[in-house]
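Here are my notes on the model. Please read them beside the coordinates.

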Amino acid sequence: MGHYIIGFDDDRNLILPDDSVTDKTQRWSYIVENSSKIVTLLDLCGDDKYFKATAFGVSSSQPDYCMILIDSTKGMTQMAKDHIALSISLKIPFFIVVNKIDDPSVDFKEVMNKIRNTLKGIDINRKPFVVKNEM
């Protein structure tokens, strides 16, 4: 499990200690002391064999949101469905991020349809909202 913090000041500027501070405790102290808003990120396991560790990490940390990362080359896996179910059972709002969408072997529309169908399923019953990035 990875645990990270990001700090921001009142003007939403990123707070970073000087590059010479390499000790994690000192870096975190600097961020906490100089920030008006702190975002905590937990990087938990995505592999089936570590699901218990993921469930423990999520349930013990009580996050505000869960980001579920879906590899577009693999699509909607059982593990992604399990992570969604975990978020729902713990009443933690979640959002899904799809990566590797530029891979030429990926049928992005098919991947998105499978995600939509999963979220609309009877056990989950969530309405997907797709955020589009026009570039």
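1. Fold order. From the N terminus, the elements of the protein run β-β-α-β-α-β-α-β-α. That comes to four helices and five strands. Helices (H or I, at least four residues) and strands (E, at least two) are DSSP runs, numbered from the N terminus.

2. Basis. This is a predicted model, in which local features need pLDDT of at least 70 and side-chain atom pairs count only at pLDDT 80 or more, while totals for chains, interfaces and linings use all residues. Residues are numbered from 1 along each chain as its sequence is written, and side-chain values use heavy atoms, with hydrogens and water left out.

3. Overall. The C-alpha trace spans about 45 × 40 × 25 Å along its principal axes. Of the 135 residues, 25% are buried (under 20% relative accessible area, 1.4 Å probe, protein chains only). Take the contacts (heavy atoms within 4.5 Å) between residues at least 6 apart in sequence: 63% join residues at least 24 apart.

4. Strands 4 and 5. Strand 4 (residues 66-71) pairs with strand 5 (residues 94-99) in the parallel sense, over six bridges. Pairing requires at least two DSSP bridges between the strands. Met67 has Phe95 in strand 5 as its bridge partner. Between the two strands the chain passes through helix 3 (residues 78-89), and this β-α-β crossover is right-handed (clockwise from the first strand over the helix to the second, with the strands pointing away from the viewer).

5. Ser87. This residue sits in helix 3. Ser87 counts as buried because its relative accessibility is 3%. Leaving out residues up to four places away in sequence, Ser87 touches Cys66, Ile68, Ile92 and Phe94.

6. Largest pocket. Its volume is about 1,100 Å³. Of its 33 lining residues, Leu42, Cys66, Met67, Ile68 and Leu69 are the closest to the centre. A pocket is an open set of points on a 1 Å grid over the protein atoms alone, where a 1.4 Å probe fits, with protein on both sides within 12 Å along at least five of seven lines; lining residues have an atom within 4 Å of a point. Volume is the space filled by probe spheres set on the points, which are joined across faces, edges and corners. Strand 3 gives the most to this lining, with seven residues.

7. Second largest pocket. Its volume is about 780 Å³. The lining has 19 residues, with Ile96, Met112, Phe129, Val130 and Val131 nearest the centre. Strand 5 and helix 4 (108-120) are the elements that give two or more residues.

Terms used:
Buried < 20%, exposed > 50% of the residue type's maximum accessible area, 1.4 Å probe, protein only.
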